[in-house]
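Please read them alongside the display.

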Amino acid sequence: MLLISCPNCGPRDETEFHYGGQAHIAYPENPNELRDREWAEYLFYRENTKGTFAERWVHSTGCRQWFNMLRDTVSYDIHSIYAMGQQRPDLQADKPGEFSQTGEFGQEPGLAPGAATTSTGAATTAPTSSEGV
Amino acid sequence: MSADHLPEHPDFLWRNPDPKKSYDAVIVGGGGHGLATAYYLAKNHGMTNIAILEKGWLAGGNMARNTTIIRSNYLWDESAAIYEHALKLWEILPEELEYDFLFSQRGVMNLAHTLGDVRESVRRVGANRLNGVDAEWLDPQQVKELCPILNISDNIRYPVMGATYQPRAGIAKHDHVAWAFARKCDELGVDIIQNCEVTGFIKDGNRVTGVKTTRGTINTEKVGLCAAGHSSVLAEMAGFRLPIQSHPLQALVSELHEPVHPTVVMSNHVHVYVSQAHKGELVMGAGVDSYNGYGQRGSFHVIEEQMAAAVELFPIFARAHVLRTWGGIVDTTLDASPIVGLSPVENMFVNCGWGTGGFKGTPAAGLTFAHTIATGAPHKLNKPFALERFETGALIDEHGAAAVAH
């Protein structure tokens, strides 16, 4: 199970959250001018990255707030958690092997302890075997 | 249903050739769909100078990880047609492939737990019958008669209010299915090349002319992608996108038990599906993990939830143990139907998007995809499953309609 650091509530089990798919998909600026192909892109086509993926989550059974996350879709490690509307952080700009606190959450008063830190090693799932029946 | 009925361990059933410099067609992915496609290319279309490229070992992806359920009781006409054709092929394949892979038509039951479920189920039984798919509506007592270990009392959160039943549905030994196809492919001259990962494609303009692999460059007239969870990765290499999201899908088995479970039971509402393998393990699965993932593992709460559902439905399972759990990577589409057809790249064809239900479709996927590759145009069964449907809006929305949530 993923351990997700909600920006408002701190680290909580994945079961408290719901997944919102790829982040940073804007509603079309001129929907009346879109052709079918462009509507198809907006409605049905999403990145399916193998590697670092920007995605949305909502803390459904907690603060009910949405936020963005950079997560590795192979190791499932969470690299960064940042605010809705904020640009995707550049992981390459960070120190190697150390994930920075990203987002505006760190500056907000009254923040839950540890809320702005991102989980790395803790955000792994139970190991499973890989044999069929 | 005991170990005595399992076949002897087979001899080596296929060669392990080095890749040739060129082939008439290359199939990427040596799972069930890739093997079936190559088999029908060779058998139905006389294309024997072809290769299957597998990045790992033969049938070691989702073909080794699924819960082996075979059924065709889908709601919509297009789905019923292709899955029922698959079921008819399953019925003749053991003889055709000269290999008894223990296709056991023990029936599949889809439980209804709410009034909404009942209405949807009765509607689906009607739709199935109109499409020539065997389907029955069972009341709770009939459910109990067919599967005595099911709890049909009203002391559970979602009592069983009935079920749809497809008697011709069932399970098969998935590994043996793969080996059966592989042996026939090999006999027909198909090169099955394992440990050969595709790293790129060679194109002349918008036409594919070759495949770059970890075992060298291979020239080819045509490329068929059968890569399930990694379809998006290959499409990106080839320069186009697919409306697919890859998710982990987990399953589990118990230790071996005496035969207690005579059929296959699926519940959409409390969400678990259970059968008992020929050796005696209870085999269970449920829905995908919510997040995108390529890690061939998922989160444990998904396993816990399906076990809770199973124990409520089958009180006798309370003393069973989880022997092992595992995950595969499934390629889901937003209408829960596959994509089988042409791609935006000339001479490249896609078979993907089978999501959580690809095993049952294996023979029909192979048959129709082989036809598409050989003739350059879809077979009538896979024509509705074209990539263009996401543009035209002619979706085949089997979400919830297909008797199980995806």
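**Notes on the model**

1. The model is predicted. Apart from neighbours within four places in sequence, Leu58(B) is in contact with Trp14(B), Gly30(B), Leu35(B), Ala178(B), Trp179(B), Ala182(B), Ile192(B) and Gln194(B).

2. Leu58(B) also belongs to the largest nonpolar core, which has 53 residues. Leu58(B) is listed there among the residues with the most contacts inside the core, together with Leu35(B), Trp90(B), Phe101(B), Val177(B), Phe181(B) and Ile192(B). At least two residues of this core come from each of β1 (22-28), α1 (32-45), β2 (50-53), α2 (77-96), α5 (174-187) and α8 (358-375) of chain B. A second, separate core holds 31 residues, including Phe201(B) and Phe390(B).

3. The helix α2(B) has 20 residues, and at 1.5 Å a residue it should span 28 Å; the end C-alpha atoms are 27 Å apart, which agrees. A bend of about 30° occurs at Trp90(B), with Pro94(B) following within four residues. Just after the helix, Glu98(B) has a positive phi of about 55°.

4. Buried residues of α2(B) include Ile82(B), Tyr83(B), Leu87(B), Trp90(B) and Pro94(B). The buried residues of this helix pack against α1, β3 (69-70), β6 (162-166), α5 and α8 of chain B.

5. How much area do chain A and chain B bury between them? The figure is about 3300 Å², 50% of it on carbon and sulfur atoms. The contact takes 32 residues from chain A and 41 residues from chain B.

6. Three salt bridges are counted between chain A and chain B. One of them joins Glu47(A) to Arg241(B), with the closest N and O atoms 2.9 Å apart.

Methods. Residues are numbered from 1 along each chain as its sequence is written. Chains are lettered from A and ligands numbered from 1 in the order in which they are written. This is a predicted model: local features need pLDDT of at least 70, side-chain atom pairs count only at pLDDT 80 or more; totals for chains, interfaces and linings use all residues. Side-chain values use heavy atoms; hydrogens and water are left out. A nonpolar core is a set of buried Ala, Val, Leu, Ile, Met, Phe, Trp, Tyr and Cys residues joined through side-chain atoms within 4.5 Å. Buried means under 20% relative accessible area, exposed over 50%, partly exposed in between (1.4 Å probe, protein chains only). Contact means heavy atoms within 4.5 Å. The expected span of a helix is 1.5 Å times one less than its number of residues. The bend at a residue is the angle between axes fitted to the seven residues ending there and the seven starting there. Buried area is the accessible area (1.4 Å probe) that two parts lose on being put together, summed over both. A salt bridge is a side-chain nitrogen of Lys or Arg within 4 Å of a carboxyl oxygen of Asp or Glu.
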